[in-house]
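Student: I've got a new model open on my screen and I'd like to learn how to read it. Could you walk me through it?

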Amino acid sequence: MKDENASMAGELLQLNTWLKKHVALGPVAVITGKNGDMDTIGSAIALASSDPNLMACGLHIGRTPQRYMERHQAPFRLLKETKTAWPKQLAAIVVVDAAAPDQTGLHLPNVPKCIIDHHATDGWEITSDDLHLKWDVRSTTEVVARYLHRHAPHSLSLPVREFLLAGLITDTGRFRHADAGSFSTAALLLEESGIDYQRFIQNMEDSPTSPSDRGAILRGLQRAETTEAGPWTILRTTAGTLEGRVATMLNGLGADAVVVTRSRHGSTRLTVRAPRSSVREGLHMGHIMGEVAQSIGGEGGGHDGAAGWSGDAHPIAAETAFIDAVARTARGQVEE
Ligand SMILES: [Mn+2]
C-alpha cells in the first residue's frame with residue numbers, strides 16, 4: 001500500500017455508512033482478537049471513541065495495551081469466554097484484527113457484523129448484512145486511523161492517536177516491517193498531535209519485566225536448538241510465558257524460521273516467526289500455520305513473517321507438524 005487510493009476511500013465511506021446505520025439502532029460492540037495485542041486493543045478503543053454507541057470489548061488485554069489503558073483510563077469491557085452477556089438491544093458487532101471468528105475466543109451473537117482486518121489468512125463467512133474491510137496494510141490501526149481521519153476527525157484526540165500509533169509500531173516490529181503506507185499513517189497520526197515521538201518510542205522500548213519474566217525469557221533462550229527442515233534451518237524452543245518475546249529475540253539470530261512451543265493444561269500454542277529473507281524465498285508463516293491446522297486440527301494463521309497456531313494436540317506433535325510443513329516448502333525467489 002502506498003497511500004490512500006480511491007478504492008480505500010470508497011471502503012471507508014462504506015464503513016461510515018454501515019456504522020452510522022447500526023449505531024442509530026442500538027449499541028454496537030467493537031470486539032478485539034483474543035490475543036489482546038496492542039493492534040487489536042488500540043483499534044477497538046480508537047474506533048469506539050468515534051460514537052457513544054460503540055463499546056470496545058474483548059476477552060483479554062495484553063501487557064503493553066494494559067499500560068496505555070491505565071494511562072488514559074480508556075473504556076473497555078472485559079468479556080467472559082462462556083455465557084457472554086451481550087446487551088439485549090445489541091445492533092451489530094465490529095471485529096478488529098481477528099482473521100477468523102474463533103480468534104475472538106467468543107461465541108459471537110447473531111447480528112450484522114463488520115470485520116476490519118489485515119491478516120493474510122481469512123476464516124470469515126460474510127453475508128449481505130455484513131461488511132468486510134481487509135486491507136493489505138501492516139496493522140489494523142492503519143485502517144482505523146484512515147477512517148477516523150476521513151470521517152470522524154474530532155475523535156483523533158491525543159490518547160486515541162497514541163493507541164493507534166502504538167498498535168502500528170508494535171505490529172510493524174518498530175517499523176522494521178513497515179511499508180510506505182504505514183509511514184504515511186504514522187505521519188498522519190503525529191502531525192499536529194502534540195505527541196513527542198522520541199519520548200513515545202522510548203516509553204514503548206522501556207516495557208518493564210519482572211525478575212520472573214526475565215527468568216522465563218532466559219530459560220526459553222537457553223533451551224533453543226537448531227533443526228534442519230528440508231532446505232530450511234529452524235530454531236526451536238519452549239516457553240512457559242512471553243513466547244512472543246522469546247520468538248522475536250531468536251528471530252534476530254538469522255535462522256530461516258523460529259518456533260516457540262507453549263503447552264499448558266492440555267492446550268498447546270505455537271508462536272512462529274520468519275525473517276524477511278525467508279519470506280522472500282517462499283516461507284509464509286501464516287500459510288504454514290494454516291497447513292498445521294489442516295493436518296492436526298486446532299486454529300492457525302497470521303502474517304507472512306509472524307503467525308500462530310493453537311489447539312489440543314500434544315506439543316511434540318504440533319512442533320513436528322510445523323517442521324514438516326516447513327520442510328515441504330520449496331526454497332526459491334518468489335514474486336512480491
Ligand atoms: Mn494486527
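Tutor: Let's begin with pairing: two strands count as paired if DSSP finds at least two bridges between them. Here, strand 7 (residues 225–229) and strand 8 (residues 232–238) run antiparallel and are joined by five bridges. Keep in mind that this is a predicted model.

Student: Which residue stands opposite Glu225 in strand 8?

Tutor: That's Arg236. Look at the turn too: the hairpin of strand 7 and strand 8 has two residues between the strands, and Gly230 takes a positive phi near 55° there.

Student: Let me zoom out. How many helices and strands does the protein have?

Tutor: There are 12 helices and 12 strands. The radius of gyration is 20 Å, close to the 20 Å that the globule rule gives for 336 residues, so the protein is as compact as a globular protein of that length. Along the principal axes, the C-alpha atoms fill a box of roughly 55 × 45 × 45 Å.

Student: What does the domain assignment give?

Tutor: The assignment gives domain 1 (6–205) and domain 2 (213–327). Taken over C-alpha atoms, the centres of domain 1 and domain 2 are separated by 26 Å. Seven residues from domain 1 and eight residues from domain 2 take part in the contact.

Student: How many bridges link strand 2 to strand 3, and how many link strand 1 to strand 2?

Tutor: Strand 2 (residues 54–58) pairs with strand 3 over two bridges, in the parallel sense. Cys57 stands opposite Arg77 in strand 3. On the other pairing, strand 1 and strand 2 are parallel over four bridges, and Val30 stands opposite Ala56 in strand 2.

Student: Why can I call strand 2 largely enclosed?

Tutor: Count its buried residues. A residue is buried if 20 or more other C-beta atoms lie within 10 Å of its own. Four of the five residues of strand 2 are buried, so that strand is largely enclosed by the rest of the structure.

Student: How should I think about the nonpolar residues?

Tutor: In soluble globular proteins, nonpolar side chains tend to be buried together. In this protein, 43% of the 336 residues count as buried. The largest nonpolar core has 52 residues, and those with the most contacts inside it are Val30, Ile45, Leu47, Val94, Val144 and Leu164. A second, separate core has 33 residues, including Trp232, Ala247, Ala255 and Ala293.

Student: What does Val30 touch, leaving out residues up to four places away in sequence?

Tutor: Among its contacts are Ala44, Leu47, Leu54, Ala56, Cys57 and Val94.

Student: And the mixed sheet? What is its strand order?

Tutor: That open sheet also has six strands, in the order 7-8-9-10-12-11. Strand 7 and strand 11 (299–302) each have a single partner strand, so one side of each is left without a neighbour in the sheet. On average, neighbouring strands of this sheet are turned by 20° against each other, direction ignored. Strand 11 runs antiparallel to strand 12 (residues 306–311), with four bridges joining them, and Glu299 has Ser310 in strand 12 as its bridge partner.

Student: Let me try a single residue. Is Ala257 buried or exposed?

Tutor: Ala257 is buried, with 28 other C-beta atoms within 10 Å. You'll find Ala257 in strand 9 (residues 257–264). Its contacts beyond four places in sequence include Trp232, Ile234, Val272 and Leu283.

Student: How far is Ala257 from Arg236?

Tutor: In sequence, Ala257 and Arg236 are 21 residues apart, while their C-alpha atoms are 8.6 Å apart in space. For the whole protein, take the contacts between residues at least 6 apart in sequence: 60% of them join residues at least 24 apart.

Key
Residues are numbered from 1 along each chain as its sequence is written. This is a predicted model: local features need pLDDT of at least 70, side-chain atom pairs count only at pLDDT 80 or more; totals for chains, interfaces and linings use all residues. The radius of gyration is taken over C-alpha atoms; the globule rule is 2.2 Å times the number of residues to the power 0.38. A residue is buried if 20 or more other C-beta atoms lie within 10 Å of its own, exposed if 12 or fewer, and partly exposed in between; C-beta atoms are placed from the backbone. Two residues are in contact if their C-beta atoms, placed from the backbone, lie within 7 Å. A nonpolar core is a set of buried Ala, Val, Leu, Ile, Met, Phe, Trp, Tyr and Cys residues joined through C-beta atoms within 7 Å. Domain bounds come from an automatic or database domain assignment. Axes are lines fitted to C-alpha atoms, for helices over the stretch in contact, and angles run from 0 to 180 degrees between N-to-C directions.
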